[in-house]
Amino acid sequence: MAQIEQAEVKPRLGRKRDHTRDPEILDVALDVLAETGYDGMTIDMVATRAKAGKATLYRRWPSKSHLVLDAVACMKGRDLDLDSLPDTGTLRGDLVAMIKPPSIRDSERKLKVMAGIVSMIARNPEMAAAAHAALVEPRAAVNRIFFQRAIDRGEIPADVDVEKLCMIGPALVAYRVLMLRTPVDREFLLSNIDGVILPAVGLRAA
């Protein structure tokens with residue numbers, strides 16, 4: 001009898017969940033988040049745009065906050081390979097070499113995602129940490145390497161505030177995109193490098 005009862009309560013194994021579409025769904029979630037903000041976003045919106053069943057999404061992500069946290073964390077996985085950054089021999093050359101159309105589009109999208117999760121960040125410390133890791137730290141890490149190279153070459157003083165310098169460019173871009181609602185282009189980024197960042201470390205544009 002005990003054996004029969006044990007068999008009855010043993011959970012039945014169903015088919016394994018297919019996670020192959022997860023990256024695509026998370027990418028769609030980021031698009032919706034950037035467009036509507038966290039408060040206006042729903043899982044149903046994501047399911048419709050991703051052409052996925054709502055039940056599938058709810059099984060994978062039981063709440064909107066779970067979906068958004070996963071989506072933002074997923075952005076971290078697309079970071080640049082820090083071992084293959086351009087090395088031109090000058091700080092300006094390295095910074096300019098990073099100005100590429102895909103990088104510009106990616107930066108703008110990240111800023112719009114950040115704007116979309118502001119309300120959630122205020123309520124959820126875990127989201128604040130994930131947002132910083134995915135949206136802020138990747139570019140700061142690149143800039144850190146460039147400034148350290150310049151210090152090692154003797155191009156800029158060793159006592160410059162690297163952490164503050166790392167954030168100048170991203171802060172200017174954020175203001176332009178979020179406050180002025182103006183797209184970022186190559187000319188704008190070059191003006192930041194030549195007019196703000198290089199003078200801040202005592203260098204002049206070539």
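This is a predicted model: local features need pLDDT of at least 70, side-chain atom pairs count only at pLDDT 80 or more; totals for chains, interfaces and linings use all residues.
Me: Where is confidence lowest and highest in the protein?

Reply: pLDDT is the predictor's confidence in each residue, from 0 to 100. Here its mean is 84, and 88% of residues reach 70 or more. Helix H1 (residues 2-9) is lowest, at a mean of 45, and helix H6 (residues 91-97) is highest, at 96. Helices here are DSSP runs (H or I, at least four residues), numbered from the N terminus. Residues are numbered from 1 along each chain as its sequence is written. Local features need pLDDT of at least 70, side-chain atom pairs count only at pLDDT 80 or more, totals for chains, interfaces and linings use all residues, and side-chain values use heavy atoms, leaving out hydrogens and water.

Me: Which element gives the largest share of the lining of the largest pocket?

Reply: Rolling a probe the size of a water molecule over the atoms shows where empty space is left. Helix H9 leads, with nine residues of the lining. H5, H7, H10 and H11 are among the other elements that give two or more.

Me: Which charged residues lie over the face of a ring?

Reply: The test asks for NZ of Lys or CZ of Arg within 6 Å of the ring centre and within 35 degrees of the ring normal. Lys64 lies over the face of Tyr38, 4.3 Å from the ring centre. Arg176 lies over Phe188, at 4.2 Å from that ring's centre.
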